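Visitor: Before we discuss terms, please show me the model.

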Number of protein chains: 2
Amino acid sequence: MSSVCNAATIRDVAREAGVGVGTVSRVLNGGDHVRLETRERVMLAIRHLGFRPNAQARRIHRRHSEIVCFLLGNRKFPNSFHARILQGVEDCARELKQHVLFAGVHYDSETAPGLIELPSILDERGLFDGLILSGTNHPNFLTRIQKLQIPFVVFGNNLVDFEGDKYFDQVGYDGFKGELEAVENVIGLGHENLMFVGDVSYPWVRVRQEAFLRACQDHKLKPRSIIEASELSFVDYGEWAGRRALARRPLPTAVVAVNDEVAYGLWRSFRRGGVSVPGEISLIGFDDREEALLMDPPLTTVRVRKEEIGRACLITLLERLRHPEMPFVETTLSTDLVVRGTVRKL
Amino acid sequence: MSSVCNAATIRDVAREAGVGVGTVSRVLNGGDHVRLETRERVMLAIRHLGFRPNAQARRIHRRHSEIVCFLLGNRKFPNSFHARILQGVEDCARELKQHVLFAGVHYDSETAPGLIELPSILDERGLFDGLILSGTNHPNFLTRIQKLQIPFVVFGNNLVDFEGDKYFDQVGYDGFKGELEAVENVIGLGHENLMFVGDVSYPWVRVRQEAFLRACQDHKLKPRSIIEASELSFVDYGEWAGRRALARRPLPTAVVAVNDEVAYGLWRSFRRGGVSVPGEISLIGFDDREEALLMDPPLTTVRVRKEEIGRACLITLLERLRHPEMPFVETTLSTDLVVRGTVRKL
DNA sequence: AAGGAATGCGGAAACGGTTCCATGGTATAT
DNA sequence: ATATACCATGGAACCGTTTCCGCATTCCTT
């Protein structure tokens, strides 16, 4: 019992093996300059005493803790998007012998930076080497974090209304290019009567809408949109927009949903309205979330590589830690058009 | 720059404030027995130097690190069930000033305990105080963990084939009672022709099936089941089972799906087959996952309180840490029948 | 006014590692 | 044979906290 209390220390090991503490330390780490026979005696003592080095004592000396903190801003996890980013961070961390602290933070975007209450994990110095900011990030929070002088990297697509220079590293995906490719693809299949659906009060929705408009303009098509701001969930927004879309004439031949959740709501509306997808209306989403495969037929959409974003966040952060003075980088991952069953050739 | 290197120490603060290190320490912690005027001078120095105590040095002395490790076994996060347990752990941890390390482990259930490769985070002592094992846990892994002498608590419902005494704390939900209530409810609405769908090669599926059989037996109903083992995903399994169910005569009036994913597959099958839910067949699920609300009408199901399981895991673990000798506890949370639209009164 | 308890405070010791320096031994070069 | 280099090793010093001990001061109590 209570192995915590009377756990063996490095000095116990040294005594047991009949060597000095320095030698034990050398065996534990690099291990250079230790005779084979000595090393084996030390290892035996370690096994015999069940010695495991104390993490804290060790870290006092090391320059870094080899722990990063994944900080999820203003989000809950039932939304699997950020859970998958965390998954990517953890997968990568495991390979690189790093560890991941998980913490959440909730604040109002209107609160003054100095007044935001930070999770207590940020009070201490040296617990972790750097921060990965996921979830939704507002400028007031970033200002606050910057003051802490902790290296950090931000998942950039959910950066809301950030004006001015960005004095931090960023990782994100190319929402404009992804949507542009998607719409081009739909147009290439013969669709000329397109409609975009998405609440443009979100900045990342605006990016996708602009890509939609650009594609239409490039092909001299007249775009229609349902883009009102709303308090509804994305799925409900899609369902509501679907009802409105069905009331318009002529019906669009293809609807571009700003994401898969909205697409799901649209699909439900169309189904209820007896309108076949993709028979009468083609449908395309964005993100490639779990909903895409639940639809029938499965949703054609644009895949955001969530796990890879996580990996890139960690790698960028570690790079920053190694080279504190390097210029700030903005990494943009590409997306993939995933053709499934909801867009048909006209 | 590089605030990491020349960061202020407690001695710098002491010098700046013209007091001893002991006094600064007292101000930082409990703060008893320090004159108000002195305390203010110290706090001023702390603010002035931007002093933040070194987490590691502090933890050398403390009995505990106030960090727990959430270890996800053999799972990925797109499956939101465990993500929501983690969410519960984190919410609770934030309130209790604890921190959460997140790590994953992947192993084969056939590997000998001694040969399972553990994440490197378990090599060091003192990094965290205890473990929360979520995901799917096999006996070989638990045996391995037990040898490490680290306090741990297990999410119990995904414990596969564990025989014999359980020398650890457990938190879970009452799958039997939850399913029993659900089936009783369906029977109470007049259904007499029930069918259970779920791959019984999973232990937790068997528990639910037994509850289903018990309820049928209690009401002298003749149960039917589709329970073959399969490699299919749950949704696909439901869809496959749905086709088989529609081929049988008479059709069941109600289908009890072992979980919401299977229910989703069944719903899709029934819809494709032109069979109305709940018009011709009522449907009930289990878990209350995101899929339940995506169905149309939304799925009547049994809610597992995932966040509360997470909270209970953390609380149990902290209790164990406080009282290492207390007898092992097995906490079972109740479930809630969530009546939505897929079960109709006959 | 004197004795005793409680408070305020400084500084040494301790925590469990790493790092560095001094030392003795062995191999190689001259 | 001697100088030089390098290897193997023990042990002291150190990292930045907390804790504890001891002393000075203050506050009651009688």
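Visitor: What makes β5 (residues 169–173) of chain A a partner of β11(A)?
Guide: Strands, which are DSSP runs of E of at least two residues, numbered from the N terminus, pair if DSSP finds at least two bridges between them. Here 4 bridges join β5(A) to β11(A), and the two run parallel. In this pairing A:Val171 stands opposite A:Thr331. The model is predicted: local features need pLDDT of at least 70 and side-chain atom pairs count only at 80 or more, while totals for chains, interfaces and linings use all residues. Residues are numbered from 1 along each chain as its sequence is written, and chains are lettered from A and ligands numbered from 1 in the order in which they are written.

Visitor: Why is α1(B) called roughly perpendicular to α2(B)?
Guide: Helices are DSSP runs of H or I of at least four residues. Axes are lines fitted to C-alpha atoms, for helices over the stretch in contact, and angles run from 0 to 180 degrees between N-to-C directions. The angle between α1 (residues 10–17) of chain B and α2(B) is about 105°, with the axes 8 Å apart. Angles of 65 to 115 degrees count as roughly perpendicular, so α1(B) is roughly perpendicular to α2(B).

Visitor: Which residues of α2(B) make the contact with α1(B)?
Guide: B:Val21, B:Val24 and B:Ser25 do; contact requires C-beta atoms, placed from the backbone, within 7 Å.

Methods
Angles under 35 degrees count as roughly parallel, over 145 as roughly antiparallel, 65 to 115 as roughly perpendicular and the rest as oblique. Two residues are in contact if their C-beta atoms, placed from the backbone, lie within 7 Å.
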